[in-house]
Amino acid sequence: LSYPTEMCTSFGAAYPLEVPLLCDAGIFVGGLKQPGVIEGVVTRSAELAGDGIGVLRIALFAQPLGPDPGPPLAELLIPDADLSLELAEVPFRLEGIPLSVLPYYLLAMLDDDDSGTSSGPTPGDLLAMSPDGLGHQVVIGDEEPLALDIELNIQIQ
């Protein structure tokens with residue numbers, strides 16, 4: 001049986017830990033001094049529908065991106081991010097990510113039409129698409145920051 005229908009449990013011992021280390025559905029909780037971090041720059045190659053200045057949202061989800069990926073595990077909103085010039089870069093640092101052996105799903109979008117980011121992308125917004133589809137899959141398995149540059153390469157029509 002595959003996750004989440006399998007019925008197995010494992011226990012182990014680790015020393016020294018100041019608090020218990022728990023793994024729930026592949027996400028480590030407790031026992032670690034620092035949560036994970038993703039840092040890098042956001043660029044764009046997609047054409048602009050607006051002025052290229054707006055709220056940049058970077059969010060990390062436990063579930064694949066779709067109609068309801070659930071609440072983000074970590075989220076960063078950068079107001080007035082300026083990607084108006086073709087070579088513009090906006091640095092980011094997404095912190096507080098629970099460590100996991102399972103992949104997370106990263107969403108990056110620029111609200112270029114000023115409609116807001118809470119309801120998801122709307123026509124005119126810019127998104128990061130990977131070859132596999134919407135967003136990027138990342139694994140945050142240790143406390144070292146993950147270097148990841150993100151390209152907004154799709155404009156929602």
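Modeller: The account below begins with the chain as a whole and then turns to the patches. The model is a predicted one. Its secondary structure comprises zero helices and 14 strands, so that reading along the sequence gives the pattern β-β-β-β-β-β-β-β-β-β-β-β-β-β. Of the 157 residues in the chain, 36% count as buried. Among contacts with a separation of 6 or more, 69% are between residues 24 or more positions apart. The chain has an accessible surface of about 9,400 Å², and carbon and sulfur atoms contribute 56% of that area.

On this surface, a patch of negative charge is formed where D51, D80, D82, D113 and D114 gather. One of these residues, D82, lies in strand 5, which covers residues 74-82. D82 has a relative accessible area of 38% and is therefore partly exposed, being above the 30% that membership of a patch requires.

L134 belongs to strand 10, residues 133-134. With a relative accessible area of 39%, L134 is likewise classed as partly exposed.

Strand 9, residues 129-130, contains S130. The relative accessible area of S130 is 15%, under the 20% limit, and S130 is therefore buried. Apart from its neighbours within four places in sequence, S130 is in contact with G135 and H136.

Definitions and conventions. Residues numbered from 1 in each chain as written. Predicted model: local features only at pLDDT ≥ 70, side-chain atom pairs only at ≥ 80, totals over all residues. Heavy atoms only, no water. Patch = residues over 30% accessible without salt bridge, like charges linked within 9 Å, V, L, I, M, F, W, Y side chains within 5 Å. Areas by Shrake-Rupley, 256 points an atom, 1.4 Å probe, with all protein chains shown as cover. Salt bridge = Lys/Arg side-chain N within 4 Å of Asp/Glu carboxyl O. Lys, Arg positive; Asp, Glu negative; His and termini not counted. Charge placed at Lys NZ, Arg CZ, Asp CG, Glu CD. Helix = DSSP H or I, 4+ residues; strand = E, 2+ residues; numbered from the N terminus. Buried < 20%, exposed > 50% of the residue type's maximum accessible area, 1.4 Å probe, protein only. Contact = heavy atoms within 4.5 Å.
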